[in-house]
Amino acid sequence: VLTMAPDPDDRWRPVPVLVTRSEGMAVCRGMRMGYAPLLALLEPARAAGHRRLAVIGIPCQVYALRAL
């Protein structure tokens with residue numbers, strides 16, 4: 001799952017993360033969506049061998065993903 005998580009130094013600042021285990025989603029719980037380079041993780045996810053991804057993002061990120 002490509003999604004946002006809070007920055008370790010500032011919990012209100014979103015950072016993109018690639019969650020591969022269900023326990024990792026607990027870190028993202030309650031995170032408000034905001035602007036961060038979420039789609040920058042597409043290439044690292046592909047390089048790691050992931051072929052199917054779920055994306056939790058804001059509409060402009062989803063529109064950009066559909067265009068890719």
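These are my notebook entries on one predicted protein model.

**Ground rules**

I am working with a predicted model, where local features need pLDDT of at least 70, side-chain atom pairs count only at pLDDT 80 or more, and totals for chains, interfaces and linings use all residues. Residues are numbered from 1 along each chain as its sequence is written, and side-chain values use heavy atoms, with hydrogens and water left out.

**Entry 1: the overall layout**

I started with the helices and strands. I took both from DSSP runs (helices are H or I, at least four residues; strands are E, at least two; numbering starts at the N terminus). The protein has 3 helices and 2 strands. Reading from the N terminus, I get the order β-β-α-α-α. The radius of gyration is 12 Å, close to the 11 Å that the globule rule gives for 68 residues, so the protein is as compact as a globular protein of that length.

Next I looked up the dimensions. The C-alpha trace spans about 30 × 25 × 15 Å along its principal axes. I also noted an accessible surface of about 5,100 Å², with 55% of it belonging to carbon and sulfur atoms. Those areas come from the Shrake-Rupley method with a 1.4 Å probe, and for residues only the protein chains shown count as cover.

**Entry 2: inside and contacts**

How much of the protein is buried? I found that buried residues make up 25% of the 68 residues. My cut-offs are under 20% relative accessible area for buried, over 50% for exposed, and partly exposed in between (1.4 Å probe, protein chains only).

The largest nonpolar core has 6 residues: L2, M4, M31, A36, L38 and L42. Such a core is a set of buried Ala, Val, Leu, Ile, Met, Phe, Trp, Tyr and Cys residues joined through side-chain atoms within 4.5 Å.

Then I checked contacts (heavy atoms within 4.5 Å). Of those between residues at least 6 apart in sequence, 44% join residues at least 24 apart.

L41 was my next stop, in the loop between α1 and α2 (42-47). With neighbours within four places set aside, L41 contacts L2, P16, V17 and L18. L41 and T3 are 38 residues apart along the chain, yet their C-alpha atoms are separated by 9.6 Å.

**Entry 3: salt bridges**

Side chains of opposite charge can pair when their charged atoms come close. How many salt bridges does the structure hold? I count 2, using this rule: a side-chain nitrogen of Lys or Arg within 4 Å of a carboxyl oxygen of Asp or Glu.

One joins D7 and R13, with the closest N and O atoms 3.5 Å apart. D7 sits in the loop between β1 (2-6) and β2. I put D7 down as buried because its relative accessible area is 12%, while R13 is partly exposed because its value is 48%. D7 also touches V15.

Another salt bridge links E23 with R21, where the closest N and O atoms are 3.3 Å apart. R21 counts as exposed because its relative accessibility is 59%.

**Entry 4: the cysteines**

A disulfide would need a pair of cysteine sulfur atoms within 2.5 Å, and my search of the whole structure finds 0.

**Entry 5: two loop spots**

Is S22 buried or exposed? I have S22 as exposed because its relative accessible area is 63%. S22 lies in the loop between β2 (14-18) and α1 (25-28). Its C-alpha is 9.5 Å from that of V1, and the two residues are 21 apart along the chain.

Last, I looked up G57, in the loop between α2 and α3 (59-67). G57 is partly exposed, at 25% relative accessible area. G57 and G34 are 23 residues apart in sequence and 8.3 Å apart in space, C-alpha to C-alpha.

Technical notes
The radius of gyration is taken over C-alpha atoms; the globule rule is 2.2 Å times the number of residues to the power 0.38.
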